[in-house]
Amino acid sequence: MNNIEITGGTLSQQEKVQSMVKYCIKKLMPRMQTLNIEVKLTKLKGDADGYCLRVTPREFEVEINHTQGLRRMLETVAHEMVHVKQYARNETNDWAINEKYYKWKGSLVPESTDYWDLPWEIEANGMEVGLFVRWAQDNGYANKAWTQI
């Protein structure tokens with residue numbers, strides 16, 4: 001059974017984040033049952049909306065900037081959950097090989113690659129909105145003002 005812990009933010013944010021994390025697991029990794037995911041809702045410094053850190057092959061720490069609008073915050077959760085999937089399925093790693101390359105699905109990606117051209121970021125950025133929209137539809141939020149762009 002997967003273990004999900006949410007800390008920080010408001011109770012309403014925690015409930016929606018918990019629901020989004022479970023939804024992403026169901027959609028992205030439905031057979032995984034041994035994930036341990038800690039999500040910290042906090043005010044992040046700098047430009048990042050969120051972070052995903054692999055602690056062990058099945059243990060992850062996710063930080064989300066909870067000061068974003070609710071829709072953007074939940075899209076960020078979806079984005080970081082794509083990274084959880086990538087780590088859990090061993091599609092990528094977070095260390096450079098010989099300080100020059102990252103590994104992505106058996107290919108080498110130069111460390112110097114621009115953020116927007118990194119294949120794992122292309123995947124995460126490409127999936128975050130779709131995951132959010134489907135989650136909102138499946139959970140009865142699709143017509144709420146905060147879900148609209």
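A crossing of two helices counts as right-handed if the near helix is turned clockwise from the far one by less than a right angle. Keep that handy for the exercises below, which use a predicted model.

**Exercise 1.** Work out how helix H1 sits against helix H3.

*Solution.* 
Step 1: Find the helices. H1 covers residues 11-28 and H3 covers residues 119-138.
Step 2: Get the geometry. Their axes lie 10 Å apart, at an angle of about 110°.
Step 3: Name the arrangement. Angles of 65 to 115 degrees count as roughly perpendicular, so that's what H1 and H3 are to each other.
Step 4: H1 and H3 cross in a right-handed way.

**Exercise 2.** List the residues through which H1 and H3 meet, then sort them by class.

*Solution.* 
Step 1: On the H1 side, pick out Lys 16, Ser 19, Met 20, Tyr 23, Cys 24, Lys 27 and Leu 28.
Step 2: Their partners in H3 are Met 127, Leu 131, Phe 132, Arg 134, Trp 135 and Asp 138.
Step 3: Sorted by class, this H1 and H3 contact holds eight nonpolar, one polar and four charged residues.

**Exercise 3.** Now do the packing of helix H2 on H3.

*Solution.* 
Step 1: H2 spans residues 70-88, and its axis is 8 Å from that of H3, at an angle of about 130°.
Step 2: That angle makes the H2 and H3 pair oblique.
Step 3: The crossing of H2 and H3 is right-handed.
Step 4: H2 contributes residues including Arg 71, Leu 74, Ala 78 and Val 82, while H3 brings Trp 120, Ala 124 and Glu 128, among others.
Step 5: By class, the H2 and H3 contact comes to 11 nonpolar, four polar and seven charged residues.

Key: Residues are numbered from 1 along each chain as its sequence is written. This is a predicted model: local features need pLDDT of at least 70, side-chain atom pairs count only at pLDDT 80 or more; totals for chains, interfaces and linings use all residues. Side-chain values use heavy atoms; hydrogens and water are left out. Axes are lines fitted to C-alpha atoms, for helices over the stretch in contact, and angles run from 0 to 180 degrees between N-to-C directions. Helices (H or I, at least four residues) and strands (E, at least two) are DSSP runs, numbered from the N terminus. Angles under 35 degrees count as roughly parallel, over 145 as roughly antiparallel, 65 to 115 as roughly perpendicular and the rest as oblique. Contact means heavy atoms within 4.5 Å. Ala, Val, Leu, Ile, Met, Phe, Trp, Tyr, Cys and Pro count as nonpolar, Asp, Glu, Lys and Arg as charged, and the others, Gly among them, as polar.
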